[in-house]
Amino acid sequence: MKVLKFGGTSVGSPERMQQLLPIIHSQQSDRHLVVLSAVSGTTNALVGISEAYTNGKKEDAKKQIDNLYATYKTFIKQLFKTEDGLRMATEVIDHHFNLLESFSNDLFTSIEERIVLAQGELLSTTLFHFYLKEIGVSSVLLPALDFMRIDEEQEPNLEYIRTQASALLAQHSAETLFITQGYICRNAFGEIDNLRRGGSDYTASLVGAVLQVEEIQIWTDIDGFHNNDPRYVPNTKPIANLSFDEAAELAYFGAKILHPQSVFPAKRFNVPVRLLDTMELSAPGTLISDNCQNDDQIVAIAAKDGITAIRIHSSRMLLAYGFLRRVFEVFERYKTPIDMITTSEVAVSLTIDNTQYLKEIIEELNYFGNVEVDNDQAIVCIVGDFRNNKLGHATIVSEAVKHLPIRMISYGGSEHNISLLVPANQKLEALRSLHSRLF
């Protein structure tokens, strides 16, 4: 079996949705499990509807629902060619949009919000299932809410996912094509929940990993990881092969093609991941596996925006036992991950990308010493082979950016990553200068 995930742009129009079946058939395997995102633009619209309900703006919510409904009415008229097909599709969208309108009568809490956000994937998968039925192709719609579950810590329950998905597949042993929703799941209380934005990649990786499939395929509108951001840097090139660790670094530090968490389940169960382009089927894409070793090479550059740097200066650090632990505990209490960290005898600098509790964090850190905060920063990440027996790579990187103000450098914490913190307005210059020097 292969798992094939298609993103919002891949199902973003009736024509795109109709092109999925030839792609699926082109992938040689005895069975295929297809994971779909919501139709492009739908999740953003559902977020807007949720915000309107949360703020008590029911008329605004109704207007947004009507606009989205009109979009889907046009979508199904173009997708379905028979009266029966159009009738089934109309019943589907009517059901989901009646549900969205029903929330105007209730107290709108985070529980209702998560139900609203789940409607996009439920719509896209059901419409694709009915489209296949219309053209005479047998498929099984597997509800992700029946097997995708997270625990109290918002982490996936891998054993539950494995046993429930395996049982559902076993009920349809004669079928070869299965369709399920990305992104959505149930939480430890059985409520509808989600894997956060970009979570359809994560769904595909989790299911493919625990089922030990041949390959997990992530289909997007770009031909794999590039060695730099093609939006800002000319003449970038796709990367044919990456290790799991290299892909994880690139995904976490800004490469938008893959959800950062998606690499870890695949790595744990050693299931290869292939990134492919729905717009260019002949492109080989990028294969992420345990067998790839880009020895003695720098393979790619990525950048992460929206970074805040925090510096704590305190004479109490000097020879102090447990100082860093107490600092880290502040971030742990507010569930705020740290991206980079550097230390000296009397100061520690670190970065975060989630500023939801920044005010509270700073208040607690002031207990330890003087605290400085720099907003509007960016992390530029250089990924490659930086094992301690390799010479010269750090020098090449530093030479490439010697004309730029570098706020922090992280080197040695990973064998695959050198990270630089620069002001956000210097990010593009850093990307281009590094690309010119390294490639």
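Is D201 buried or exposed? D201 counts as buried, because its relative accessibility is 6% and the cut-off for buried is under 20%. The points below start from this residue. The model is predicted, and that applies to every point.

1. D201 and its partner. The side chain of D201 meets that of K5 in a salt bridge, with 2.8 Å from N to O. D201 belongs to helix α8 and K5 to strand β1 (residues 2-6), so this pair ties together parts that lie 196 residues apart in sequence. K5 is also a buried residue, because its relative accessible area is 7%.

2. R114 and D193. These two residues form a salt bridge in which the closest N and O atoms are 3.6 Å apart. R114 sits in helix α6 (residues 110-134) and D193 in strand β6 (residues 192-194); the pair links distant parts of the chain, 79 residues apart. R114 and D193 are both buried. The pair also takes part in a network of salt bridges that links R114, E191, D193 and R196.

3. D339 and K304. Here the closest N and O atoms of the salt bridge are 3.3 Å apart. D339 is in the loop between α11 and β12, while K304 is in strand β11 (residues 298-313), and the pair links distant parts of the chain, 35 residues apart. Both residues, D339 and K304, are buried.

4. Helices α4 and α6. How do the axes of α4 and α6 cross, roughly parallel or roughly antiparallel? The axes of helix α4 (residues 58-79) and α6 come within 11 Å and cross at roughly 20°. Angles under 35 degrees count as roughly parallel, and α4 and α6 are therefore roughly parallel to each other. The crossing of α4 past α6 is right-handed. Helix α6 is the helix that holds R114 from point 2.

5. Helices α11 and α12. The axes of helix α11 (residues 323-333) and helix α12 (residues 358-365) cross at roughly 155° and come within 10 Å. An angle over 145 degrees counts as roughly antiparallel, so α11 and α12 are roughly antiparallel to each other. This crossing, of α11 and α12, is right-handed.

6. A nonpolar patch. Which residues form a nonpolar patch on the surface? They are L324, F328 and I341, and together they have about 210 Å² of accessible area. I341 lies in strand β12 (residues 341-343). I341 counts as partly exposed because its relative accessibility is 32%; the range for that class runs between the buried limit of 20% and the exposed limit of 50%.

7. Two residues with positive phi. Q154 has a positive phi of about 65°, although Q154 is not a glycine. Q154 is placed in the loop between β3 (140-141) and α7 (158-170). With a relative accessibility of 38%, Q154 counts as partly exposed. Q212 is not a glycine either, and its phi is positive at about 55°. Q212 is in the loop between α8 (199-210) and β7 (215-220). Q212 counts as partly exposed too, because its relative accessibility is 48%. Helix α8, on one side of this loop, is the helix of D201 from point 1.

8. S50. Where is S50 found? S50 is in helix α3 (residues 42-54). S50 is buried, because its relative accessible area is 2%. From C-alpha to C-alpha, S50 and V11 are 23 Å apart in space, and in sequence they are 39 residues apart.

9. K359. K359 has its place in helix α12, one of the two helices in point 5. K359 is exposed, because its relative accessible area is 63% and the cut-off for exposed is over 50%. K359 and R196 are 163 residues apart in sequence and 24 Å apart in space, C-alpha to C-alpha. R196 is one of the residues in the salt-bridge network of point 2.

Key. Residues numbered from 1 in each chain as written. Predicted model: local features only at pLDDT ≥ 70, side-chain atom pairs only at ≥ 80, totals over all residues. Heavy atoms only, no water. Patch = residues over 30% accessible without salt bridge, like charges linked within 9 Å, V, L, I, M, F, W, Y side chains within 5 Å. Areas by Shrake-Rupley, 256 points an atom, 1.4 Å probe, with all protein chains shown as cover. Salt bridge = Lys/Arg side-chain N within 4 Å of Asp/Glu carboxyl O. Helix = DSSP H or I, 4+ residues; strand = E, 2+ residues; numbered from the N terminus. Buried < 20%, exposed > 50% of the residue type's maximum accessible area, 1.4 Å probe, protein only. Axes fitted to C-alpha atoms, helices over the stretch in contact; angles between N-to-C directions. Parallel < 35°, antiparallel > 145°, perpendicular 65-115°, else oblique. Left-handed = near helix turned anticlockwise from the far one by under 90°.
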